[in-house]
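Hello,

Here is the structure I said I would pass on. Please open it first, then read my notes below.

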Amino acid sequence: MIANARAKDIGLLTMKSTRALPQNTTFVSAAKRFLDDGIDSVVKSIKDPEALKEYWQAARLDDKTPPAKAASVDIAGQCTLCGLCGQCPEGVAIQDILRTYQYYALDLAWPEEARRQYAAIPPSASPDVCTGCGRCETLCPQALPIRTLIAEAHAELAFGQHHI
Ligand code: SF4
Ligand code: SF4
C-alpha cells in the first residue's frame, strides 16, 4: 500500500500502527520495521514547534535508518498502547484509561476532551473494578505503575461519573 501510494504521490498517515505486530515488539524495533517498509517518519508525539522542526528535519534525511534517532525518543513513563495489559482478569480498560489520561489530560492539557472520552468507558471496565492484583504491571513492557496511574486517572476524570 505504501509503494502504491508513493507512486501516486499520496501521503499516508497511520495511527496505532504497532497494534498488528507481535505483542513483544518494542516501539524502537517497530519503528525500524516501518522504516524498512518505506515510510518516511515515525512520530511518537509532537508537543511544540521545536519538536516539529526536529521531526521534520529527521524525515528529510536521506538515511532513513536512524536507530539512534529512534532510540532517543523519550517514552519513559508513557503507555505505548501495546495492549499487553489487555489480559486484566477484571476487564479494566487500561489502555483506554491511560490514553485518555496521559495523552488528552496530561500531554495535550485538554481536560474537557479527556473527560468526554473517559465518560465512554463503561463502569464495568473502569478502575473501580480493579482488585489491585498487579498482573498488568508484571506484563507492561514500560514498567508503568498501572494501578497508581489508573487510580489517578479516575480521580481526575471521573468526577460526577461512576462513583466519584
Ligand atoms: S491490578 Fe487491576 S487493572 Fe491490573 S490486572 Fe489487576 S485488576 Fe486489572
Ligand atoms: S499500560 Fe503498559 S502494557 Fe498496557 S498498553 Fe500501556 S504500555 Fe502496554
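Start at Ile97. Beyond its neighbours within four places in sequence, Ile97 is in contact with Ile121, Pro127, Ile150 and Ala153. Keep in mind that this is a predicted model.

Ile97 also belongs to the largest nonpolar core, which has 22 residues. Ile97 is among the residues with the most contacts inside that core, along with Ile94, Tyr101, Ile150 and Leu157. Three helices, H5, H6 (111-119) and H8, each supply at least two residues of this core. H5 gives the largest share, six residues. As background, nonpolar side chains tend to be buried together in soluble globular proteins.

Now the ligands.

Ligand 1 has 13 residues around it. Those that come nearest are Cys88, Val92, Cys130, Cys133 and Cys136. Helix H7 (135-139) and helix H8 (146-157) are the elements that give two or more residues to this shell. By class, the shell around ligand 1 holds seven nonpolar, three polar and three charged residues.

Ligand 2 has 15 residues around it. Here Cys79, Cys82, Leu84, Cys85 and Cys140 come nearest. Helix H5 (residues 94-107) provides the largest share of this shell, three residues. What is the class make-up of the shell around ligand 2? It divides into 11 nonpolar and four polar residues, with no charged ones.

H5 contributes to the core and to the shell around ligand 2. H8 contributes to the core and to the shell around ligand 1.

Best wishes

Key
Residues are numbered from 1 along each chain as its sequence is written. Chains are lettered from A and ligands numbered from 1 in the order in which they are written. This is a predicted model: local features need pLDDT of at least 70, side-chain atom pairs count only at pLDDT 80 or more; totals for chains, interfaces and linings use all residues. A residue is near a molecule or strand if its C-beta atom, placed from the backbone, lies within 6 Å of it. Helices (H or I, at least four residues) and strands (E, at least two) are DSSP runs, numbered from the N terminus. Ala, Val, Leu, Ile, Met, Phe, Trp, Tyr, Cys and Pro count as nonpolar, Asp, Glu, Lys and Arg as charged, and the others, Gly among them, as polar. A nonpolar core is a set of buried Ala, Val, Leu, Ile, Met, Phe, Trp, Tyr and Cys residues joined through C-beta atoms within 7 Å. A residue is buried if 20 or more other C-beta atoms lie within 10 Å of its own, exposed if 12 or fewer, and partly exposed in between; C-beta atoms are placed from the backbone. Two residues are in contact if their C-beta atoms, placed from the backbone, lie within 7 Å.
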